[in-house]
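Please look over the structure shown here with an eye to its helices, its charged pairs and its surface. The report that follows takes these topics in turn.

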Amino acid sequence: MSPDSSKLKKRNLSVGISALILLITITVMSLAFLAVNQRRGSDFSYTITGAVNLNYWRETTGTPVTIKSGWEFYPNRLLTPEMIRISRLESSNVRYPYYKGVTITSDGWLDLGEKAELYSFGEDVKKMSRFGVGTYRIELVLNKSVDYVTLNIPDIAQSATIWVNGKAVRHYGTVSDSKEFYEPSQVCTDIQLVPIDGRIEIVIDCANYSSPYGGILYSPCIASTATIGMIEYSVRMYLTVLCAFWVFFAIGGNYIAKTFNGKTKLYFFLLMFLADILYEILSPMVTILPGNWNKLIMITLMIFANYWSFLFFLSLYPKGTTKLFDKLRFFEITIFSMLTCCYLLTFWCFPSLLYLPSSVVANMVLILITNIYNVFRVLYMSKHYEHGKYLYMSSALLTVAMHFSFFVRHQYFVYITLHAFLLIFLAIGFTLYFVKDYVQTYEKLEDNNRNLESAVEEKTKYITRVNQDLLHNHERLLENEEARKKVMSNVSHDLRTPITAIRGYIELMLNAKEPLSREQEVQYLSNMHTRSVQMEQLISDLVQLTRMESENDTIEKMPISIKEMVQDLFQLYHAECEGTKKVMHFHAPEDDDLLIDGDPKKLLRVFENIIVNAMKYTREDGVIDITCHRYEDPAMLGGNAVEVLIKDNGVGIPANEVPYVFDRFYRAENSGINKTGSGLGLSIVKSIMDKHGGKIWAESEEGKGSEFHIVFKASEYTFDEEPEDEE
Ligand code: ADP
């Protein structure tokens, strides 16, 4: 495996694991939220118009409920503690003077809208803001087994008095007439409410006679003390899971982002994402700092997140992409930086503004402008800058969703659940987008890798083959060199022998002290003649062999009757045998000419050589059989072959030497010193046979004789057809 492909595999594995962990986390989270979001409340019943929303965190008996639309709301001045008490004394069916036509907002607060009509008292307070200044009343009927429940108010501003069953149980803050002075917001926890006959009447009087700001900022929550711990536990668990989710998302995203250029940008974006989660989750739940500080940190985070998103989308595009944004670049940075500074300065210098509804509107405007600008930038740029356009667009929309979730002010448990689902779905979408792109890129890489691997494999095979060829050629060259040396030494030896003999006779004749007799002269000259014939034969053999083996030597094929050719030779050598004890036989089919395609001169050399050898290597009374026939083996030369078999009962060839008889200068051990020969004949024969596409082999047993098989591919036509050809 190449290091690159192993890296790729490792990365793939990490991505796989991250994705798996992400999936498991999402599933577990979804199930957890589904499980805790069951409506199974049975602890409270309704006593007043509207419903106590028995909705969240309902696991066991006595688990907490948050009170939303079940509250009756009374503008402050109209409901005094005395009135409550008196009313209760007068009648169990409490009736207070109140506004008619009051509607309940989606937040659960009463809204004195245009239709609201003051029923019986003065007209000082006509309308209530979403901030809960006023008096709230709720009457609960509890399960008899519940000894007491606990009231928690997450955020209450200025001053408030809490009445339970007609008794003031707690008082918070001070009342001020000055608009400029506000009590910091506070968390009221663990207010014990003991039911009388299973009933609890709670009145929260958020007294503020001069300003409409303050009061209950988040809906109160009622729970038994035991379950308060559970709420905290659940919330902590939720936070942990969410953080884990974020971490896995970051890890998964990080691995996936490695295939993209914008890794740093992804980190940046994730940071924003984290900031938002922390802001959204922690802000209403964890009061680290008292009052304004808490709110200030929250708003600062929000303004920063907004500014980050602006910088993020600005950084996505390089300079010079479009003229419009190149020109705007300086101004937009200046304007957005200044806006951010202004907002931050304003809130830090005048924290009281945090309690004004107009601040909410102002924040919303800032966020709206930033997000519209971000989306516009992405839309405009994606026409000019194709890279990552879907990623950028989905990021922009995700940011819009995130920012506007700041303003979703549901009672916070609902808020967490809904928000968590929103985040999860956005995260899944976002991750899927990355994974899709990653997978595509990965597949491309994998493809290229595979192609490269197969190309390398092919090349390696090719190189190995070439290498083997080279090695083989090298061996052959070495062998040839060896053979050449051997040939040279053989040739020089075989040439020197007759020359030495001839020189010997010449010297004998020259140095003779007495004149030689005629017989002696004839004897010497005839010996010299024999030796020179021997030399001539050797030289001609050498020439022929060299020619045969050269590429230029072509054979001229024509139809030949093997039977006729061998028969002619038989007659010649049969005649030679006459007067000796040697016998020669010839066998051939009568009705078959045994036609082949060949070069007659060269084939003559083949048969002659084998016949002469047969005569040479047999004893005085040797028997030589020459047979011509069709070769009946279908595996031989396409099943249509003709054979000439020359058989003798001579000296034979030792079994271990048979394979070498066709080698140059090879002469078997037993060939005898008295038998003249160059050892070239059979190699000439072999090369002629090779050129004809024929086969030749020897079978022999030492002392018993030898068989030489000469096989050719038979010709397609017969002599009868030949005249037609000649025409
Ligand atoms: P040479 O000129 O020595 O005959 P050839 O190439 O014709 O050379 O033959 C090579 C060798 O093969 C011979 O030296 C001989 O030892 C052996 N040989 C060839 N034909 C026969 C045969 N019919 N019987 C026994 N030995 C043979």
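## Helices, salt bridges and a surface patch

In this predicted model, helix α6 bends by about 50° at Arg329. Helix α6 covers residues 323-349, and its 27 residues reach 39 Å from the first C-alpha to the last, close to the 39 Å expected at 1.5 Å a residue. Among the buried residues of α6 are Phe325, Phe336, Tyr343 and Phe347, and Glu332 is also one of them.

Glu332 counts as buried at 3% relative accessibility, and Arg377 counts as buried at 2%.

The whole structure holds 9 salt bridges, including those in the table.

| Salt bridge | N to O distance |
|---|---|
| Glu507 and Arg503 | 3.5 Å |
| Asp690 and Lys686 | 3.2 Å |

Glu507 and Arg503 are 4 residues apart in helix α9, and are therefore separated by about one helical turn; Glu507 is partly exposed, with a relative accessible area of 38%, while Arg503 counts as exposed at 51%. Asp690 and Lys686 likewise lie 4 residues apart, about one turn, in helix α13 (residues 681-691).

Helix α9, which runs over residues 412-510, also contains Leu470, a residue that is exposed with a relative accessible area of 52%. Together with Tyr462, Ile463 and Val466, Leu470 forms a nonpolar surface patch with about 390 Å² of accessible area.

Conventions. Residues are numbered from 1 along each chain as its sequence is written. This is a predicted model: local features need pLDDT of at least 70, side-chain atom pairs count only at pLDDT 80 or more; totals for chains, interfaces and linings use all residues. Side-chain values use heavy atoms; hydrogens and water are left out. Patches are made of residues with over 30% relative accessible area and no salt bridge: like charges are joined within 9 Å, nonpolar side chains (Val, Leu, Ile, Met, Phe, Trp, Tyr) within 5 Å. Accessible areas come from the Shrake-Rupley method with a 1.4 Å probe; for residues, only the protein chains shown count as cover. A salt bridge is a side-chain nitrogen of Lys or Arg within 4 Å of a carboxyl oxygen of Asp or Glu. Helices (H or I, at least four residues) and strands (E, at least two) are DSSP runs, numbered from the N terminus. Buried means under 20% relative accessible area, exposed over 50%, partly exposed in between (1.4 Å probe, protein chains only). The expected span of a helix is 1.5 Å times one less than its number of residues. The bend at a residue is the angle between axes fitted to the seven residues ending there and the seven starting there.
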